[in-house]
Amino acid sequence: MTVTAHKDGQAVAPAVRPAVRPAGAVRSGRAGRRRKRSLVAYLYVLPAFLVFAVFLGWPFIQTVQYSFYDWDGLSPATWAGFANYVSVFTDTALRGAFGHALILMVFYAVIPVVLALFLTALISRANALRGMSAFRTVLFLPQVIASVVVATIWVSIYSQDGLVNETLRFLGLDGLARVWLGDYAFALPAIGFVGTWLNIGLCVVLFLSGVGNIQPELFEAARLDGAGAAREFFSITLPALRGQIAVALTLTIVSALKTFDLVYVTTGGGPGTSTTVPAYEAYNRAFNTGQVGSAAAVAIALTLVIMVVTALISRIQPKDVQ
């Protein structure tokens with residue numbers, strides 16, 4: 001240690017300066033702490049990831065594998081390449097099933113969203129009326145009923161002596177009465193109407209939650225400027241509901257594409273093949289006709305369609321909602 005002499009002749013030790021860590025060591029320490037926090041975060045999601053991998057990830061990989069084989073589920077499988085995927089586009093029954101799913105999208109998504117927007121406009125302007133909470137509960141009630149129960153109820157409603165036909169007869173429209181679920185022309189729209197009834201309540205609840213986030217001052221300013229109900233809706237309410245509309249479209253379109261239980265319980269794909277849908281075709285081919293490879297290809301194709309549709313719908317969402 002070196003000493004420094006003061007002018008009075010006494011020798012004292014110089015002040016000890018604190019050690020300065022190199023900048024690289026500081027950055028390395030911070031990076032190490034960040035990596036540690038990241039590992040801890042991964043540990044939190046590890047149980048959910050394991051459940052996903054066991055019950056969804058591995059079966060999905062197996063389904064992809066099966067889609068490249070001709071297999072009846074019992075005998076040895078034979079390599080088929082992309083033949084099962086080609087049949088998705090060339091098989092008349094499969095093309096028809098995907099076409100039926102597109103029709104159901106109108107009933108499950110387009111009509112409920114439009115009607116829900118109309119109801120939202122009415123309810124939001126009449127929010128102070130008594131009984132509105134009960135009205136919302138009734139609209140949302142179909143969402144909490146099991147879909148098999150819903151299908152069973154509507155089978156009774158659509159029967160020869162069901163509510164629909166009895167109402168038509170009461171109104172003197174006996175000629176319009178029919179077995180709706182057994183009619184080639186009306187079976188698919190009848191199923192679609194059930195989907196409309198199911199999804200309106202969901203859309204209304206989503207849209208009303210969005211209206212609740214709009215600042216009341218905007219409506220007051222519009223009314224002071226003399227804006228009517230229609231102008232108020234299209235200028236304020238509708239733009240503010242872009243995020244909720246995107247969510248509603250995603251949920252309802254996906255429900256239309258993956259419809260199975262409603263078709264299975266009500267018509268079983270009939271009459272003929274007039275109400276078959278992709279999910280039902282996948283089930284029917286895997287468990288009834290012994291075409292496991294074709295069923296797997298249909299399931300994978302349906303999954304890809306849902307992913308593409310979801311990605312397209314997400315583009316209309318506001319950036320701050322994504």
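Trainee: Is glycine 268 buried, partly exposed or exposed?

Mentor: The model is a predicted one. Glycine 268 has a relative accessible area of 31%. Buried would require under 20% and exposed over 50%, so glycine 268 is partly exposed.

Trainee: In which loop is glycine 268 found, and which residues is it in contact with beyond its neighbours within four places in sequence?

Mentor: Glycine 268 belongs to the loop between helix 11 (261-266) and helix 12 (278-287). Once neighbours within four places in sequence are left aside, the contacts of glycine 268 are Val263 and Tyr280.

Trainee: At what angle do helix 2 and helix 3 pack?

Mentor: Two packed helices are described by the angle between their axes and the distance between the axes. For helix 2 (residues 83-90) and helix 3 (residues 92-125), the axes are 6 Å apart and the angle is about 65 degrees.

Trainee: Which residues of helix 3 meet helix 2, and how many residues of each class does the contact have?

Mentor: From helix 2, Ser87, Val88, Phe89 and Thr90 take part, and they meet Thr92, Leu94, Arg95 and Phe98 in helix 3. By class, this contact of helix 2 with helix 3 has four nonpolar, three polar and one charged residues.

Conventions:
Residues numbered from 1 in each chain as written. Predicted model: local features only at pLDDT ≥ 70, side-chain atom pairs only at ≥ 80, totals over all residues. Heavy atoms only, no water. Helix = DSSP H or I, 4+ residues; strand = E, 2+ residues; numbered from the N terminus. Buried < 20%, exposed > 50% of the residue type's maximum accessible area, 1.4 Å probe, protein only. Contact = heavy atoms within 4.5 Å. Axes fitted to C-alpha atoms, helices over the stretch in contact; angles between N-to-C directions. Nonpolar A, V, L, I, M, F, W, Y, C, P; charged D, E, K, R; others polar.
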